[in-house]
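Have the structure open and follow along.

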Amino acid sequence: MDAVYFVQGAASPVLDSLMLAVTNLGHDLTYIALLVITYLGVSPVQGRRLGLLFLGAMYFNGLFKDFFSTPRPFELDPEVLRVPSAAESAAGAGFPSGHAQSSTTFWGVAAWYVRRPWFTALAVMLVALISFSRVYLGVHLPIDIIAGVGLGLLAVALAPVLDRTSLSCSRILQLALALAVPLLVHLLFPAVNSGILLGGLSGFLAGPLLVRHRLPGTLAGRVLVTALGLALVFIVLLSSSALLPDEVKRHPVGEYLRYLVIALTGVALTPALFRLFWREPASAHARESDLTDGYETGD
């Protein structure tokens, strides 16, 4: 707690607002949008792998939170909660920090794929700012941040392993495994948000097996397919939130299926619809990317 008190020694209303804005960069909706943008508009192959690493890493974050079940700083001393709304981003136990782990995983893996000094510097800055904001706002202890960053770096280290991974079984069997295994893991080993995370992971596994997304060869095509994907994903997300009964959304299978559908909307339905209305030859880079996806095998 001493570190939290020390950091808050420089607190001010302006800094409170700034740190809340920074911490919101690690919001779930932000990562949903970023994963859609990466998969549809940047690289379907690397976007898929980024999605798998990110969602898998955050599932383990939930397992660790449930296992250690440590209190957050504002639960020990309510006075350190700088902004009341910050508590809304502090569900579950404190150790390890989900914001620190998610930012390290997403931006670290992205930096691994981009491999540009400016992007790596940007990634490091974002991770540092988001992590610092959690301590400043009084929702995490430094040890929570250290553990979250460490687990995120472990996920980044797995990126080259995933690049070399391929399955030699038929596409039908891959599809069955993609749909069944995450659901079984969720039901047998539930954790914080495991239905959301493993439903999304299942979608990233199964979607490209159902519809192969070829990156448009023009900037206009990439912008359009990305905009379509963002619109459809958030329509399904918000409409399902408003229309589905709470019993369905909270049910383990219902939660899993809801986010499976949301993920499939982005990685399968969007490419299928876009292909119907946009006629354009894929770029040579896109064709090569499709052929080098280690998860794509023949039937």
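## Before we start

Helices here are DSSP runs (H or I, at least four residues), numbered from the N terminus. A pocket is worked out on a 1 Å grid over the protein atoms alone: it's an open set of points where a 1.4 Å probe fits, with protein on both sides within 12 Å along at least five of seven lines, and its lining residues have an atom within 4 Å of a point.

What you see is a predicted model, where local features need pLDDT of at least 70, side-chain atom pairs count only at pLDDT 80 or more, and totals for chains, interfaces and linings use all residues. Residues are numbered from 1 along each chain as its sequence is written, and side-chain values use heavy atoms, leaving out hydrogens and water.

## The largest pocket

This one holds about 1,000 Å³ of space, a volume being the space filled by probe spheres set on the points, which are joined across faces, edges and corners. It has 45 lining residues, and His27, Asp28, Leu29, Asn193 and Ile196 are the closest to its centre.

Elements giving two or more residues to this lining include helix 2 (13–23), helix 4 (44–68) and helix 11 (194–210). Helix 3 supplies the largest share, with eight residues.

## The second largest pocket

Here you'll find about 750 Å³ of space. Of the 29 residues in the lining, Leu52, Leu53, Gly56, Phe60 and Leu201 lie nearest the centre. Helix 4 gives the largest share, nine residues.
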